[in-house]
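Please examine the structure shown here before reading the questions.

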Amino acid sequence: MKSRFTQIVNIAIISLYLIFLAGAIVRMTGSGMGCPDWPKCFGYYIPPTSEDAITWKPNTEYHKGLIIIKEEALFVAEKDIKTGDEFNPKNWSAYTKHDYAVFNTFNTWTEYINRLVSVLAGFVFLFLIYASTKFWRENKSITLLSFGAFFLMLFEAWLGKTVVDSNLTPAIITVHMVVGLIIIGLLLRLKFIISEKKKIYKYDSLFNKLLIISVIFSLIQIAMGTQVRQFIDEQVKLYGFENKNHSLMNPSFKFYFHRSFTIAIVLVNFGLFYINQVKNLGYKLVNWIILLIFLETITGILMYYAEIPIGTQAIHLLAGAFLFGLQFYLWQQSRRVG
């Protein structure tokens, strides 16, 4: 297990980025409330495939905890029951966490797959903490970082439940995203310790300081991006998901800040590219960072001017998460004094 720790860390990183991707697809498709409850979905471990399966019917058996739709409202079975010819409200309690009572097969299964990806990632993190205990005597930081990442994953799971229970409260979604990036940082720190502990990189004070600024800027931009997405979600609720061309009508100050802040991010990161070239520092990750900056800018422009083409939001979010990861990893490399 100890000899395969690097592979486990890499798989954990990949699994976390898959969660980012799945979450982006959920938001892109408006599937956030595809399952009204958590961790089950309409009371099922495997969600239904049609509205008929959760519509109240006479002379039908229902298990405790199952959710049904009746007269455009959600109800939860209080116990194992078999219905009679008429609906008996004594056997049911109204689902009051939110008033969302719509079933859409695609949205439900999109949200369910998002949760499934998170569960599978959880098992990867269990392997991670088990393997990390083998390093306790050799390097305690490896074990502590692994357990820190695991407990933050548990916190993320709780936040996921809170997001659903709160009917997609924007502030909680932002915290959910930022905590995910912190976990990425912990995993990348682990990766650096175990795979590059003997490598020496050139050190440049200005380059290192600009990298710190770039990491902070990326965190701010991603957090602000979730707030912009909140505005879009509110517009979608007003006009309907099919009328997403209205989603950026009369945008708020947060949108203009998010868009204009891109200029600062471009300048800082191109400054890194310039210093790396002029001083021949040899950091190859800088080129990938510039590519991701370009991808972020293009997808941002397309979302605003082309009415959010399918896939652009997922690419935009994932590119931002990758950008943060590369910047953070490069910062670790740049701290090595050669």
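This is a predicted model: local features need pLDDT of at least 70, side-chain atom pairs count only at pLDDT 80 or more; totals for chains, interfaces and linings use all residues.

Residues are numbered from 1 along each chain as its sequence is written, and side-chain values use heavy atoms, with hydrogens and water left out.

Q: Which elements give two or more residues to the lining of the second largest pocket?
A: The lining includes Asn 10, Tyr 17, Leu 188, Lys 191, Phe 322 and Tyr 329. The elements giving two or more residues to this lining are helix H1 (5-28), helix H4 (170-195) and helix H8 (312-334).

Q: How are H7 and H8 oriented to each other, roughly parallel or roughly antiparallel?
A: The axes of helix H7 (residues 285-305) and H8 come within 9 Å and cross at roughly 155 degrees, on a scale from 0 to 180 degrees between N-to-C directions of lines fitted to C-alpha atoms over the stretch in contact. Angles over 145 degrees count as roughly antiparallel. H7 and H8 are therefore roughly antiparallel.

Q: Is Gly 148 buried, partly exposed or exposed?
A: Gly 148 lies in helix H3 (residues 140-165). Buried means under 20% relative accessible area and exposed over 50%, with partly exposed in between (1.4 Å probe, protein chains only). Because its relative accessibility is 27%, Gly 148 counts as partly exposed.

Q: What distance separates the C-alpha atoms of Gly 148 and Leu 186?
A: Gly 148 and Leu 186 are 38 residues apart along the chain. Their C-alpha atoms are separated by 7.8 Å.

Terms used: On a 1 Å grid over the protein atoms alone, a cavity is a set of points where a 1.4 Å probe fits but cannot get out, and a pocket is an open set with protein on both sides within 12 Å along at least five of seven lines; lining residues have an atom within 4 Å of a point. Helices (H or I, at least four residues) and strands (E, at least two) are DSSP runs, numbered from the N terminus. Angles under 35 degrees count as roughly parallel, over 145 as roughly antiparallel, 65 to 115 as roughly perpendicular and the rest as oblique.
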